[in-house]
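Please examine the chain shown below before reading on.

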Amino acid sequence: MQRYRCVMCRRSFNALTGTPLARLRLRDKWLRYLQCLIESTPVRSAAKRVAVAKSTSFRWRHRFVAAILRAPRPQLSGIVEADETYHLESQKGSRHLDRPPRKRGGKASRRGISSELDCILVARDRNRQTCDFVTGRGPVSAGQLMKHLKPVLAPDVLLVTDAAKAYQAFAKQAGITHEAINVRAGIRARGALHIQGVNGWHGRFKTWLRRFNGVASRYLANYTGWLRVLDAAVLTTPRQWLRIAVAPA
């Protein structure tokens, strides 16, 4: 790969310097590994298929996914559905736990939504453009919605959510038209207004995630983004993935 030298500081660099793919080796195996990502192959199976170490397979997974996710998020327009789902907090792979270990993932010690759960916020418009955010532990707040959701919404959207108060407070603060569906009362839809599209995405994500046998919280945003790319079905070949991964941010 061609290297360059800055005439001012005299430091050398190449096309991958400063990207998530910097210093990765074995470039002749990248396209085969990207096919494993497209097929959602687990770490060990991908390592065996491409003939790399398990640690290399894990590192490549998150480097390539992080490179793909550098692309700007789409702006959502028209009718936009938003809802959150929750995933049990995990410190898988950590050497220093801040709580007693759980056997094989376990379950939360308290019922309902608590600080033991990671919140995954998903917004999706009727053109199937999707944005996902890992907002932190516990229920989503109006402040988190302002931080994550507001920048991806067009000014004239119609936001459709459940009846959670955080969405009502956010919509009022952001000046966005808002309709709430009282899902707890058994109401699924009011005409064209529903959140079934985003809830369908939640279901696909949870089903897809099971194949990985536990995901650490610190990598959760990579997995939601990975499925978002697969679900969009725009990047369907390894060469397309690699082209996006090495493109300037």
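## The chain as a whole

Of the 249 residues of the chain, 43% count as buried. The structure is a predicted model. The chain contains eight helices and nine strands, and its C-alpha trace spans about 60 × 45 × 35 Å along the principal axes.

Contacts may also be sorted by separation along the sequence. Among contacts in the chain between residues at least 6 apart in sequence, 61% join residues at least 24 apart.

## Helix 6 and helix 7

Two packed helices are described by the angle between their axes and the distance between the axes. For helix 6 (residues 196-209) and helix 7 (residues 220-232), the axes come within 11 Å and cross at roughly 115 degrees. Angles of 65 to 115 degrees count as roughly perpendicular, and helix 6 is therefore roughly perpendicular to helix 7. The crossing of helix 6 past helix 7 is right-handed.

Which residues make the contact between these helices? Helix 6 contributes Trp201, Arg204, Phe205, Trp208 and Leu209. Helix 7 contributes Leu220, Tyr223, Thr224, Trp226, Leu227, Arg228, Leu230 and Asp231. Sorted by class, the contact of helix 6 with helix 7 has nine nonpolar, one polar and three charged residues.

Leu227 lies in helix 7. Is this residue, Leu227, buried or exposed? Its relative accessible area is 8%, so Leu227 is buried, given that the cut-off for buried is under 20%. Leaving aside residues up to four places away in sequence, Leu227 touches Trp201, Arg204, Phe205 and Trp208.

By contrast, the C-alpha atoms of Leu227 and Arg10 are separated by 41 Å. Leu227 and Arg10 are 217 residues apart along the chain.

## Helix 2 and helix 3

A second pair of helices can be described in the same terms. Helix 2 and helix 3 pack with their axes 8 Å apart, at an angle of about 110 degrees. Helix 2 is therefore roughly perpendicular to helix 3.

On the helix 2 side, the contact is made by Val43, Arg44, Ala46, Ala47 and Val50. On the helix 3 side, the residues are Lys54, Ser57, Phe58, Trp60 and Arg61. By class, the contact of helix 2 with helix 3 has six nonpolar, one polar and three charged residues.

## Aromatic pairs

Rings of Phe, Tyr and Trp pair if their centres lie within 6.5 Å, and by this rule the count comes to 14 aromatic pairs. In one of them, the rings of Tyr33 and Trp60 have their centres 5.5 Å apart and their planes at 85 degrees, so the pair is edge-to-face. Tyr33 lies in helix 1 (residues 30-38) and Trp60 in helix 3 (residues 54-68), so the pair ties together parts that are 27 residues apart in sequence. Both Tyr33 and Trp60 are buried.

Another pair is formed by Trp208 and Trp226. Their ring centres are 5.1 Å apart and their planes stand at 90 degrees, so this pair is also edge-to-face. Trp208 in helix 6 and Trp226 in helix 7 are 18 residues apart, and the pair links distant parts of the chain. Trp208 counts as buried because its relative accessibility is 5%, and Trp226 counts as buried because its relative accessibility is 1%. Trp208 and Trp226 also belong to one aromatic cluster with Trp201, Phe205, Phe212 and Tyr223.

## Two residues in loops

Thr41 is found in the loop between helix 1 and helix 2 (43-50). With a relative accessible area of 12%, Thr41 is buried. Not counting residues up to four places away in sequence, Thr41 touches Cys36, Ala46, Arg49, Arg61 and Phe212. Of these, Phe212 is also a member of the aromatic cluster.

Arg102 is found in the loop between strand 3 (79-88) and strand 4 (117-125). At 25% relative accessibility, Arg102 counts as partly exposed. Apart from residues up to four places away in sequence, Arg102 touches Leu88, Glu89, Ser90 and Lys107. Arg102 and Gln91 are eleven residues apart in sequence, and the distance between their C-alpha atoms is 9.8 Å.

Notes. Residues numbered from 1 in each chain as written. Predicted model: local features only at pLDDT ≥ 70, side-chain atom pairs only at ≥ 80, totals over all residues. Heavy atoms only, no water. Axes fitted to C-alpha atoms, helices over the stretch in contact; angles between N-to-C directions. Helix = DSSP H or I, 4+ residues; strand = E, 2+ residues; numbered from the N terminus. Parallel < 35°, antiparallel > 145°, perpendicular 65-115°, else oblique. Left-handed = near helix turned anticlockwise from the far one by under 90°. Contact = heavy atoms within 4.5 Å. Nonpolar A, V, L, I, M, F, W, Y, C, P; charged D, E, K, R; others polar. Phe/Tyr/Trp six-rings, centres within 6.5 Å; stacked < 30°, edge-to-face > 60°. Buried < 20%, exposed > 50% of the residue type's maximum accessible area, 1.4 Å probe, protein only.
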